[in-house]
Amino acid sequence: MRRDLALKFHHYRLANGLDVIAESDPDAHSFAAGLYVNTGSRDEPAEINGVSHFLEHMMFKGSKKYSWEDVNRIFDEIGARYNAFTTQENTAYYANVLPEFTRRVIEHLANLLRPAIRAQDFNTEKKVILEEIAMHGDDPGYRIYDAAMRQHFGKHPLGRSVLGSAKSIKALTRREMENYFRRHYGPDNMVLAAAGKLDFREIVALAEEHCGSWKASGAKRDHTVPSYTNKHKAMVDKKLNRQYTMAFTPGPSAQDDRRFAARVLGDVIGESEGSRFYWALVDNAIAEDADFGFYPHDGCGSFYVSLTTEPKRTSKALKIARTELERVKEDLTDEEVERAKNKIASAIVLEGELPMGRMRSMAGNWVYNKEYRSLEQDMETLLAVSPESLRELTRQFPFNPMTIVTLGPKAVKPD
Amino acid sequence: LAERYFQHTFANGLTLLCEKMPVVQSAAMALHLDAGAAGDPEGKSGCASVLADLVLRGAGDRDTRALSDHLDRLGLHRSSGVGVYHARFGCEAVAGRVMESLPAYADIIRRPQMPKSGFDAARDLALQGLDGLKDDPRQTLLVKLRQLFLPPPFGRNPMGETKELKKLTLKDVKSNWQRRYQADGAILAVAGNVEFAPLKEEVEKYFGDMPKKPRKKIITERPAYGHYHERQKSEQTHIGVAYPSILETDPDHYVIRLAIEVLGGGMSGRFFTEIREKRGLCYSVWAGYTSLKNYAGVLAYAGTSNERAQATLDCMLAEIRRLSRGVTPEELSRAKIGLKASLIMDGESTSARAGAIAYDFFIRGRMRTLDEIKSGIDEVTPDRINDFLRRSEPKEFTIVTVGPTKLKMPE
């Protein structure tokens, strides 16, 4: 029997609005579960920027029932591979364990999301967050990304940094965090996703037992449409050796059916090997790194360009990149679309073989679309992407206007 | 070996390893050639890296673009790189496609075109990579730590040295290819939905007559050890600590792995608990065990703001030293569960398995089954680990810091 046919999807909504979704795979050796919360830095008031990410850390500091030592110890006792992340729009907590620990891992994840936020833990963790911000300060990749997002989205909350600034974090109070938690961590604003070897009745029973008493919070996201600045900016840091460039231009949203074509287009133009950017910029060493891709958000979306070059080659590289973006509208070939699709098809197969990969893909899609897509559907949609749909996409999203930011020893001002 | 594992060494010295994983659709291939950075000729560091890039720029009758397009058409996710011992080429995709890629990989290894323009670009990219390293204080630290701690030439940065790379010629690289891209000591590992018999036939057809040449023995020297500070105006001070340990082939190697799991693995590990959770000194802190064929050690890292760097270093060293006073039965039991769970979860990934059997064969001369590793972990008792830790007190520390100010080093 083909593996993708053995997978089964299940969905159940608890009375308090918590969606429980699962895909069972009888052949899997492990089990993955995650709680995805529909909140991130774009949902924060500007004064408390960084609270979503800081709160994510506080979840690991314990609940009424457990201290932080207990939280870490229990995860390690069940041999979990676990982590959490915060983006502009999502905060997720997830773990991969052996099937015998299903019960304990769901109980533990649920417990995690009802944090105590104790004063002493809050103050200690604030130092860790400040260290994380300092660490990003030593990484030009993060610096250019944050600066370019800010520049592109302007005053729109998507332009805010996920980590916040040292200033906003230092000023943040426990009370502000607790209020934010109450507003955004209601069961109606999250999904519990599971994949791998599992029994769905057991998952639902566990969700009822551990999350059933949570109160809905009616959290709403502000969907104001961004007005892009499209301005260029040159940031100078004399101590850097390389010049870093990042550019954003509008693309389809996470809800838009054109997102599948956008992924293929992203790979045709910017995959690390064999793409248009590779041949035009990296093969000949004009750029050390040249990347193009698709970055969907809730209600809007972006394509991005990212370049790392010698300072004296930046202007040239940027010009070539922009020429390629124009050329692809004219001379896209069937062959290159086919190659990109084949690579994405492999990625779908490989990701589909790991319960963690399935859980993340399922939850990531559910957060935006409240729909399940099977491996088969993903494959079919991919196969249906035609060169013509890519051409159509470039007419609807013509990579213009564009916001461009450079960071490095030279003030490189794109024209 | 169980019917999951297969191996065969061809007359020319190439070893084929296979792990059959019937429930997956994919396969992953890992090809390791005895052409790593440690074998770079004196004064020509970076040669192996430039070569591993160059061979992909056209091979057989396909030029660079035709070759790349061919591999992409198969939908392969490709990887390549150079480590201490090996030049590594790998790919993963639906199993049939990986099998189809074998003739092209034989071309890459055996019939690369190595054009001059490709060489210039590959060397230029290597130089740019070294330049970029200066913008990354954490990587700078890890490179320096390996340089001081591992016996030369094993501590070399595989990326090479700028001065030497600038002088490297296409002729140097070609002669290295001739001498080092050969069958003896090469390992080709495949894990996934494949049958061994047809795989062996294909590999024999494309690699079976690959020439066998005498290999050059790498002479090692004593490591430099000691303390080193590199001044950088960074936001954080980056700290690296290393000390020698037992080899991967030592009967006690499961013991050291478990001990280092207690020290620096997981969030209930001692580093995380004492340095991050209790004191809030840093965001990133870890310890790991690493083993070469004839030399092994423990490497630890922390990144912290400059005014708290001394406290962080002192705390790291205190925890490393405290390890020789032993671990609790609870700590040992968590470490065992953690290592075994990782093993089973990695067991679901074809690329993780292909890499693991290739490494195992290189270090031990044989593959270990997942069951063997599991029982190796289970056999470690609290008495055994504590007796081991008492006997092997960490010493001969190498300490590297990158940041604005020098720290006070231990006696």
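Buried area is the accessible area that two parts lose on being put together, summed over both. In this predicted model, chain B and chain A bury about 5,500 Å² between them, and carbon and sulfur atoms give 54% of that area. On the chain B side, the residues that lose the most area to chain A are Asp135(B), Met345(B) and Glu348(B), which together make up 13% of what that side buries. Counted by contacts, the interface brings 64 residues of chain B up against 59 residues of chain A.

Polar pairings turn up here as well. The interface holds 33 residue pairs in polar contact, and eleven salt bridges cross between chain B and chain A. Several elements of chain B give two or more residues to this side, among them helix H2 (64-73), helix H5 (116-133), strand S8 (236-245) and helix H13 (329-346). H13(B) hands over the largest share, with eight residues. Sorted by type, the residues on the chain B side come out as 18 nonpolar, 25 polar and 21 charged.

Now for chain A by itself. Its fold has 16 helices and eleven strands, and its C-alpha trace spans about 60 × 55 × 35 Å along the principal axes. A compact globule of 415 residues would have a radius of gyration near 22 Å, and chain A, at 22 Å, agrees with that. Of the 415 residues in chain A, 62% count as buried.

Side chains of opposite charge can pair when their charged atoms come close. Over all chains, the structure holds 75 salt bridges. One of them links Arg308(B) to Glu131(A), with the closest N and O atoms 2.9 Å apart. This pair crosses between chains: Arg308(B) sits in the loop between S10 and helix H12 (309-322) of chain B, while Glu131(A) belongs to helix H5 (residues 119-137) of chain A. Arg308(B) and Glu131(A) are both buried. Another salt bridge between the chains pairs Arg276(B) with Glu125(A), where the closest N and O atoms are 3.7 Å apart.

A salt bridge within chain A joins Glu336(A) and Arg276(A), at 2.7 Å from N to O. Glu336(A) is in helix H13 (residues 334-352) and Arg276(A) is in helix H11 (residues 276-282) of chain A, so this pair ties together parts that are 60 residues apart in sequence. Glu336(A) has a relative accessible area of 12%, so this residue counts as buried. Arg276(A) is buried too, at 9% relative accessibility.

Asp72(B) and Lys343(A) make a further salt bridge, their closest N and O atoms being 3.1 Å apart. Because Asp72(B) lies in helix H2 of chain B and Lys343(A) in helix H13 of chain A, the pair joins two chains. Asp72(B) is buried, with a relative accessible area of 1%, and Lys343(A) is buried as well, at 8% relative accessibility. The pair is also part of a network: salt bridges that share partners connect Asp72(B) and Lys343(A) with Glu271(A), Glu273(A) and Arg78(B).

Most residues other than glycine have a negative phi, and most peptide bonds are trans. The peptide bond from Asn400(A) to Pro401(A), however, is cis, with omega near 0°. Pro401(A) lies in the loop between helix H16 (387-396) and strand S11 (403-408) of chain A. In chain B, the bond from Pro152(B) to Pro153(B) is cis, again with omega near 0°, and Pro153(B) is in the loop between helix H6 (137-149) and helix H7 (162-167).

Ala285(A) has a phi near 65° and sits in the loop between H11 and strand S9 (289-296) of chain A. With a relative accessible area of 1%, Ala285(A) is buried. In chain B, the phi of Tyr225(B) is near 50°. Tyr225(B) lies in the loop between helix H9 (196-207) and strand S7 (226-231), and at 11% relative accessibility this tyrosine counts as buried.

How values were computed. Residues numbered from 1 in each chain as written. Chains lettered and ligands numbered in written order. Predicted model: local features only at pLDDT ≥ 70, side-chain atom pairs only at ≥ 80, totals over all residues. Heavy atoms only, no water. Contact = heavy atoms within 4.5 Å. Buried area = accessible area lost by both parts, 1.4 Å probe. Salt bridge = Lys/Arg side-chain N within 4 Å of Asp/Glu carboxyl O. Polar contact = N/O pair within 3.5 Å; in protein donor to acceptor, adjacent residues only side chain to side chain. Helix = DSSP H or I, 4+ residues; strand = E, 2+ residues; numbered from the N terminus. Nonpolar A, V, L, I, M, F, W, Y, C, P; charged D, E, K, R; others polar. Rg over C-alpha atoms; globule rule 2.2 N^0.38 Å. Buried < 20%, exposed > 50% of the residue type's maximum accessible area, 1.4 Å probe, protein only.
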